[in-house]
Amino acid sequence: MTIAASDALERARRVRLMAFDVDGVLTDGRLWYGPAGETMKAFHVQDGLAIKMLAGAGIATAIITSRRSEAVAIRAAELDIAHVLQGVEDKYGAFRRLLEQLALDPLQAGYMGDDLPDLPVLRRCGLACAPKEAVEPVRRHAHYVTHASAGAGAAREVCEFVLQAQGRLESTLAAYLS
């Protein structure tokens, strides 16, 4: 069951930027290493389409992750995510700089994370989201906890929640229904 704070819908209405962690949010959190030591990640195609739907509705998208991965760079390019911040130790500092660059207030930004390094951003953004597998302190600070699993539709659920809150979901889906 999805868990949403009583003001989650109002918070989602203000979102002009939606940022995502990668491992444990856009992926299931497992790290796969190839024989040469390269990291491999699996992304869900439905999450990706929903991120593109956000951008198509005029909502900026970003990735803020502490790890570096060529797979993330490739996936972000496929999804036209303009703001890809990898190897970030201070996620809140990176988030704050991104807000300054985009001239946004923290209340106009959403962030989806799953673990303790995400808490500084989750505690200060306008819409804090977490997949159901997130650690308990993250779930406790989230305004929206998904029903879907990380790497298997959780990001899609959040994107559709934001679009629905802003009255843009039906018009976004209309292009696919015609």
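Predicted model: local features only at pLDDT ≥ 70, side-chain atom pairs only at ≥ 80, totals over all residues.
Biologist: What makes Thr146 count as buried?

Modeller: Buried requires under 20% relative accessible area. Thr146 has 1% relative accessibility, and therefore counts as buried. Thr146 belongs to the loop between E9 and helix H7 (154–165).

Biologist: Which residues does Thr146 touch, leaving aside those up to four places away in sequence?

Modeller: They are Thr2, Met112, Ala130, Pro131, Lys132, Ala154, Glu157 and Val158.

Biologist: How do you know that the side chain of Thr146 makes polar contacts with the backbone nitrogen of Lys132 and the backbone oxygen of Ala148?

Modeller: The cut-off for such a pair of N or O atoms is within 3.5 Å. The side chain of Thr146 reaches the backbone nitrogen of Lys132 at 3.4 Å, and a polar atom of that side chain lies 2.7 Å from the backbone oxygen of Ala148.

Biologist: What joins strand E2 (residues 17–20) to E7?

Modeller: Four bridges join E2 to E7, and the strands run parallel. Met18 has Gly110 in E7 as its bridge partner.

Biologist: Why are both faces of strand E8 (residues 127–130) described as covered?

Modeller: In a regular strand the side chains alternate between the two faces of the sheet. In E8, Leu127 and Cys129 are on one side, Ala128 and Ala130 are on the other, and all are buried. E7 is also covered on both faces: Ala109 and Tyr111 on one side and Gly110 and Met112 on the other are all buried.

Biologist: Why is the pair of Tyr92 and Phe95 called tilted?

Modeller: A pair of aromatic rings is described by the distance of the centres and the angle of the planes. Centres must lie within 6.5 Å for a pair, and planes under 30 degrees apart would be stacked, over 60 edge-to-face and the rest tilted. The rings of Tyr92 and Phe95 have centres 6.4 Å apart and planes at 40°, so the pair is tilted. Tyr92 and Phe95 are three residues apart in helix H4 (residues 91–102), and are thus separated by about one helical turn.

Biologist: Are Tyr92 and Phe95 buried or partly exposed?

Modeller: Tyr92 has a relative accessible area of 22% and so is partly exposed, whereas Phe95, at 0% relative accessibility, counts as buried.

Biologist: How do you know that Arg124 sits over the ring of Tyr92?

Modeller: The distance limit is within 6 Å of the ring centre. Arg124 lies over the face of Tyr92 at 4.4 Å from the ring centre.

Biologist: What makes Asp80, Ala103 and Gly56 count as exposed?

Modeller: Exposed requires over 50% relative accessible area. Asp80 has 56% and is therefore exposed; Ala103 has 67% relative accessibility and is therefore exposed; Gly56 has 70% and is therefore exposed. Gly56 is in helix H2 (residues 45–56).

Biologist: What is noted about the phi of Asp80 and of Ala103?

Modeller: Asp80, in the loop between helix H3 (70–78) and E6, has a positive phi of about 55° although it is not a glycine. Ala103, in the loop between H4 and E7, has a positive phi of about 55° and is not a glycine either.

Methods: Residues numbered from 1 in each chain as written. Heavy atoms only, no water. Buried < 20%, exposed > 50% of the residue type's maximum accessible area, 1.4 Å probe, protein only. Helix = DSSP H or I, 4+ residues; strand = E, 2+ residues; numbered from the N terminus. Polar contact = N/O pair within 3.5 Å; in protein donor to acceptor, adjacent residues only side chain to side chain. Contact = heavy atoms within 4.5 Å. Phe/Tyr/Trp six-rings, centres within 6.5 Å; stacked < 30°, edge-to-face > 60°. Lys NZ or Arg CZ within 6 Å of the ring centre and 35° of its normal. Pairing = 2+ DSSP bridges.
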